[in-house]
Amino acid sequence: MAARQDTHFGEQTVPLADKQGLVDGVFHSVARRYDLMNDLMSGGLHRAWKGALVTAVNPPRSDREFALLDLAGGTGDVAFRVVEACGAGTRVTVCDINAEMLSVGRERASEHGHDDTVTFEQGNAEELPYPDRSFDCVTIAFGIRNVPRIERALAQAHRVLKIGGRFLCLEFSSVDVPGLDKLYELYSFQVIPRIGQAVAGDREAYKYLVDSIARFPKPKIFAKMIECAGFRRVSFKIMTGGVVALHSGWRL
Ligand SMILES: C[S@@+](CC[C@H](N)C(=O)[O-])C[C@H]1O[C@@H](n2cnc3c(N)ncnc32)[C@H](O)[C@@H]1O
């Protein structure tokens, strides 16, 4: 009999096989308040971080065809920023496991007239429902740390990228600026769960999000994981004193 594999869900140790269901519960609970919470918790900084991601995606301004897959794309925030910055040939597929997040995203797409350029599809990052080499770029913003088997998601991102395509991952990282680290810890563990309770009515969900950030591998280790999945010219850029890192790798 295979040994049971465990992982963390917030402060709890849980069977690896149970993690996805618990994560789904978190995003189901916060979906309607998710975008407002992002602004409140980051003081609007998530806009600048996502702006840096879109600059790195560098979608064509011309009519040239460009297919982007935004993994764990939730309510479509990254997708909308990309289609607002590109020419007529760009199409974005938002793939997320959570039906509630996708449903908020579809409503937002209709409100902003993005129905023709952004498609929302339910899927698991560990088992993508797309053929090999079908996208020019794959992005994932604040999503990878929620996926139970990160190696599988990285391997799938590599599989669905065309040769010459780029993988970009924006994720919370670790603050190593003396003074700022303590302040960040205090803010994360004391303030964010309280905002989560007051605005989204769910303290535990936001506690999970903060814990998952603290447990995520440091940027150099995560860069190694990206390399192990087959990506080349792997690099990362630290932003806001280490609060966030933008990772990049190419399928060559
Ligand atoms: C913090 S949200 C990020 C949403 C969006 N990328 C953004 O930056 O606004 C994390 C997302 O990861 C999704 N997710 C978690 N596990 C997933 C999986 N295995 N496959 C695809 N999406 C997943 C959640 O449903 C949620 O929408």
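**Figure 1. Lining of the largest cavity in the predicted model.** By class, twelve nonpolar, eleven polar and six charged residues line the largest cavity. Ala, Val, Leu, Ile, Met, Phe, Trp, Tyr, Cys and Pro count here as nonpolar, Asp, Glu, Lys and Arg as charged, and the others, Gly among them, as polar. The lining comprises 29 residues, and A72, G73, G74, D96 and G143 lie nearest the centre of the cavity. Two or more lining residues come from each of α1 (16-30), α2, α4 (77-83) and β4 (90-96). Of the elements, α1 gives the most, with four residues. The volume of this cavity is about 360 Å³, and a search of the whole structure finds one cavity of 30 Å³ or more. On a 1 Å grid over the protein atoms alone, a cavity is a set of points where a 1.4 Å probe fits but cannot get out, whereas a pocket is an open set with protein on both sides within 12 Å along at least five of seven lines; lining residues have an atom within 4 Å of a point. Grid points are joined across faces, edges and corners, and a volume is the space filled by probe spheres set on the points. The model is predicted: local features need pLDDT of at least 70 and side-chain atom pairs count only at pLDDT 80 or more, while totals for chains, interfaces and linings use all residues. Residues are numbered from 1 along each chain as its sequence is written, and side-chain values use heavy atoms, with hydrogens and water left out.

**Figure 2. Lining of the largest pocket.** The largest pocket holds about 780 Å³ of space. Its lining is made up of 34 residues, with F172, Y184, S188, I213 and V243 nearest the centre. The elements that give two or more residues to this lining are α2 (34-42), α3 (45-57), α7 (180-200) and α8 (203-215). The greatest contribution, ten residues, is from α7. The lining divides into 22 nonpolar, seven polar and five charged residues.

**Figure 3. Lining of the second largest pocket.** This pocket has a volume of about 310 Å³. It is lined by 18 residues, of which T7, K19, R145, I150 and R215 lie nearest its centre. Elements giving two or more residues to the lining are β1 (6-9), α6 (150-160) and α8. Helix α8 gives the most, with four residues. Eight nonpolar, four polar and six charged residues form the lining of the second largest pocket.

Figure 4. L161 lies in strand β7 (residues 161-172). Helices (H or I, at least four residues) and strands (E, at least two) are DSSP runs, numbered from the N terminus. L161 has 0% relative accessibility and therefore counts as buried; buried means under 20% relative accessible area, exposed over 50%, and partly exposed in between (1.4 Å probe, protein chains only). Leaving aside residues up to four places away in sequence, L161 touches R133, F135, D136, C137, V138, R166, F167, F231 and R251, where contact means heavy atoms within 4.5 Å. A distance of 16 Å separates the C-alpha atoms of L161 and A56, which are 105 residues apart along the chain. In the protein, 53% of the 252 residues count as buried.
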